[in-house]
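Here is a short briefing to read with the model open beside you.

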Amino acid sequence: MQIAQISDTHLTHRGGLTEANFRCLIAYLNEVARPDVVVITGDIQVMHPDDADERLRARLTGLAARRAEAQKLIDDSLAEGVP
């Protein structure tokens, strides 16, 4: 089993270079590394927490690693109020 960890992305509502780098990282994980599981830790987003869950979900939609399980974990975490 291959596990990839992404940490402290500090994504914002403004996009920019951080957003572009994140898209490149997702492409690399999907096309080259192809992990079984991706763990995202640290500060994922900053600013505008009111819609942070929707923006995070949209950014992770393209991640191929066991998408159904990952989506359930994200949904469960958001339902519990975990950022």
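## The core and what surrounds it

Twelve residues make up the largest nonpolar core: Ala 4, Ile 6, Leu 11, Phe 22, Ile 26, Leu 29, Ala 33, Val 38, Ile 44, Leu 56, Leu 60 and Leu 63. Strand 1 (3–7), helix 1 (16–33) and helix 2 (52–60) are the elements that supply two or more residues to this core. The top contributor is helix 1, which gives four residues. Please keep in mind that this is a predicted model.

**Overall layout**

- The protein has three helices and two strands, and along the sequence they come in the pattern β-α-β-α-α.
- Of the 83 residues in the protein, 27% are buried.
- If you take the contacts between residues at least 6 apart in sequence, 70% of them join residues at least 24 apart.
- The protein has an accessible surface of about 5600 Å², and carbon and sulfur atoms account for 55% of that area.

- Leu 63 belongs to the largest nonpolar core.
- Setting aside neighbours within four places in sequence, Leu 63 has contacts with Ile 26, Leu 29, Asn 30 and Val 38.

**Two backbone angles to check**

- Most residues other than glycine have a negative phi, which gives you some background for the next two points.
- Asp 8 has a phi near 50 degrees, a positive value in a residue that is not glycine. You will find Asp 8 in the loop between strand 1 and helix 1, where Asp 8 is partly exposed with a relative accessible area of 38%.
- Arg 34 also has a positive phi, of about 50 degrees, and is not a glycine either. Arg 34 sits in the loop between helix 1 and strand 2 (37–41).
- Is Arg 34 buried or exposed? With a relative accessible area of 60%, Arg 34 is exposed, because the cut-off for that class is over 50%.

**A nonpolar patch on the surface**

- Which residues form a nonpolar patch on the surface? They are Met 1, Ile 3 and Val 39, and together they have about 340 Å² of accessible area.
- Val 39 is located in strand 2.
- The relative accessibility of Val 39 is 35%, so Val 39 counts as partly exposed.

Note on methods: Residues numbered from 1 in each chain as written. Predicted model: local features only at pLDDT ≥ 70, side-chain atom pairs only at ≥ 80, totals over all residues. Heavy atoms only, no water. Buried < 20%, exposed > 50% of the residue type's maximum accessible area, 1.4 Å probe, protein only. Contact = heavy atoms within 4.5 Å. Areas by Shrake-Rupley, 256 points an atom, 1.4 Å probe, with all protein chains shown as cover. Core = buried A, V, L, I, M, F, W, Y, C linked by side-chain atoms within 4.5 Å. Patch = residues over 30% accessible without salt bridge, like charges linked within 9 Å, V, L, I, M, F, W, Y side chains within 5 Å. Salt bridge = Lys/Arg side-chain N within 4 Å of Asp/Glu carboxyl O.
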